[in-house]
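Here's a quick briefing to read alongside the model. Keep the viewer open and click through the residues as they come up.

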Amino acid sequence: MPFKFHSKGRRHIARQRHRVTNWRDYDAALRNRGSLTIWFTEEALAGWKAQPRTTRGGQPHYSDLAIETALTLRAVFRLALRQSEGLIGSIMRMLEIELPVPDHTTLSRRACGLPVQTHRRTETGGLHLIADSTGLKLRGAGEWLFEKHGTAKRRAWRKLHLGIDADSGAIVAFDLTDKDIDDASHVEPLLDQLTEAPASFMADGAYDRSGVLDAVLARNPSARFIVPPCKGAITGPTATTAPTQRDLHILAIGAHGRMNWQKASGYNKRSKVEAAMSRYKRVIGEILKSRDDARRETEVAIAVKSLNRMRDFGQAICSRVA
């Protein structure tokens, strides 16, 4: 059933039941997520030290790959900077490797503006993009302050915009903005991160804007635009002669109802981006640990890369049983 549609009348609808068909492989993938050898790779050890600098300035001791590896361990195992320093030092001692260990101040300083290689799509076929956003809390008193004093003046958060591949579930575009940024106004920065034009674009009603449609069609004039029109929407002046995709959606909803339109258009797949946001908060956390926006962007980039790598280990394949 479509999410949040007529929720008051859904009490008589039985909850769907699914069964994991590849449990053996998925169980092994879940165990690999906690393996240190998976995240602390031989490539990172080989490129641990920075290359000699040829320009003026100080010589860095650690490569970007070394800093990224340390911050990845921090994100995956939910550690503080000092605990990450201790974990890397213990790994070096157990492996009997004579390499320097970056201290917590170096990790914090180098995290600002650290280049993180993003996910590259390897699947064949068209890219079906699903976009949405969610909020991430900032480090602070948070819920305790609100419960004690009954005020929300000191609470703050950032908005994480995500774009996922509907076929694989991988996060192919992301951005971190202030909480006041509108979802629809930030579609173009997500599209600019893609290496190929999307074959279809899907989002909720907050993206029902002409600017979003123009941005998608500018990159692929034949792209499908699957966004539900707002309640009470009317067709445009050319609906009878040259209807737009939005006009067709409005006519289909008026003729067959919103439920049938969601099934016919495939809008129910939008739940995949909801699952991706839930996965981010359950695995990585819903609080940004860094105190600077530049470091927060690096933190999110490493978290997204880690989630995509976990997906590459293996994901559950479910089939409906009831």
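Where does Glu96 lie? Glu96 sits in the loop between α5 and α6 (104-110); more on that residue below. What you have here is a predicted model, where local features need pLDDT of at least 70 and side-chain atom pairs count only at pLDDT 80 or more, while totals for chains, interfaces and linings use all residues. Residues are numbered from 1 along each chain as its sequence is written, and side-chain values use heavy atoms, with hydrogens and water left out.

**The overall picture**

- The protein chain has 13 helices and eight strands; these are DSSP runs numbered from the N terminus, with helices being H or I of at least four residues and strands being E of at least two.
- Along the principal axes, the C-alpha atoms of the protein chain fill a box of roughly 75 × 55 × 50 Å.
- Of the 322 residues in the protein chain, 40% are buried (buried means under 20% relative accessible area, exposed over 50%, and partly exposed in between, using a 1.4 Å probe and protein chains only).
- Take the contacts in the protein chain between residues at least 6 apart in sequence: 64% of them join residues at least 24 apart (a contact means heavy atoms within 4.5 Å).

- Glu96 isn't a glycine, yet it has a positive phi of about 55°.
- With a relative accessible area of 71%, Glu96 is exposed.
- Arg78 is another non-glycine with a positive phi, of about 55°, and you'll find it in the loop between α4 (64-77) and α5 (81-95).
- Arg78 is partly exposed, at 43% relative accessible area.

**His161, in a strand**

- Look for His161 in strand β3 (residues 157-165).
- Its relative accessibility is 1%, so His161 counts as buried.
- The His161 side chain makes a polar contact with the side chain of Thr177, at 2.8 Å (a polar contact is a pair of N or O atoms within 3.5 Å; within protein, one must be able to donate a hydrogen and the other to accept it, and residues adjacent in sequence count only if both atoms are side-chain atoms).
- Leaving out residues up to four places away in sequence, His161 touches a set of residues including Asp132, Asp175, Asp182, Asp183 and His186.
- Phe174, Ile181 and Leu190 are also among the residues that His161 touches.

**His249, in a helix**

- His249 belongs to helix α10 (residues 245-256), and at 11% relative accessibility it counts as buried.
- Its side chain reaches the backbone oxygen of Phe225 at 2.8 Å.
- The side chains of His249 and Trp261 are joined by a polar contact of 3.1 Å.
- Not counting residues up to four places away in sequence, His249 touches Phe225, Ile226, Val227, Pro229 and Trp261.

**Asn220, in a loop**

- Asn220 is found in the loop between α9 (210-219) and β6 (224-226), and its 17% relative accessibility makes it buried.
- Asn220 and Pro198 are 22 residues apart in sequence, but 6.9 Å apart in space, C-alpha to C-alpha.
- The side chain of Asn220 reaches the backbone oxygen of Pro198 at 3.0 Å, and a polar contact of 2.9 Å joins it to the side chain of Ser222.
- Setting aside neighbours within four places in sequence, Asn220 is in contact with Ala197, Pro198 and Ala199.

**How α12 packs on α13**

- Helix α12 (residues 271-283) and helix α13 (residues 293-313) pack at an angle of about 105°, with their axes 11 Å apart (axes are lines fitted to C-alpha atoms, for helices over the stretch in contact, and angles run from 0 to 180 degrees between N-to-C directions).
- That makes α12 roughly perpendicular to α13, since angles of 65 to 115 degrees count as roughly perpendicular.
- On the α12 side Arg279, Tyr280 and Val283 take part, meeting Val300, Ala303, Val304, Leu307 and Met310 in α13.
- The residues of this contact split into seven nonpolar, no polar and one charged (Ala, Val, Leu, Ile, Met, Phe, Trp, Tyr, Cys and Pro count as nonpolar, Asp, Glu, Lys and Arg as charged, and the others, Gly among them, as polar).

**Cysteines**

- The structure holds zero disulfides (a disulfide is a pair of cysteine sulfur atoms within 2.5 Å).
- Cys112 is partly exposed, at 39% relative accessible area, and Cys318 is partly exposed too, at 46%.

Terms used: Angles under 35 degrees count as roughly parallel, over 145 as roughly antiparallel, 65 to 115 as roughly perpendicular and the rest as oblique.
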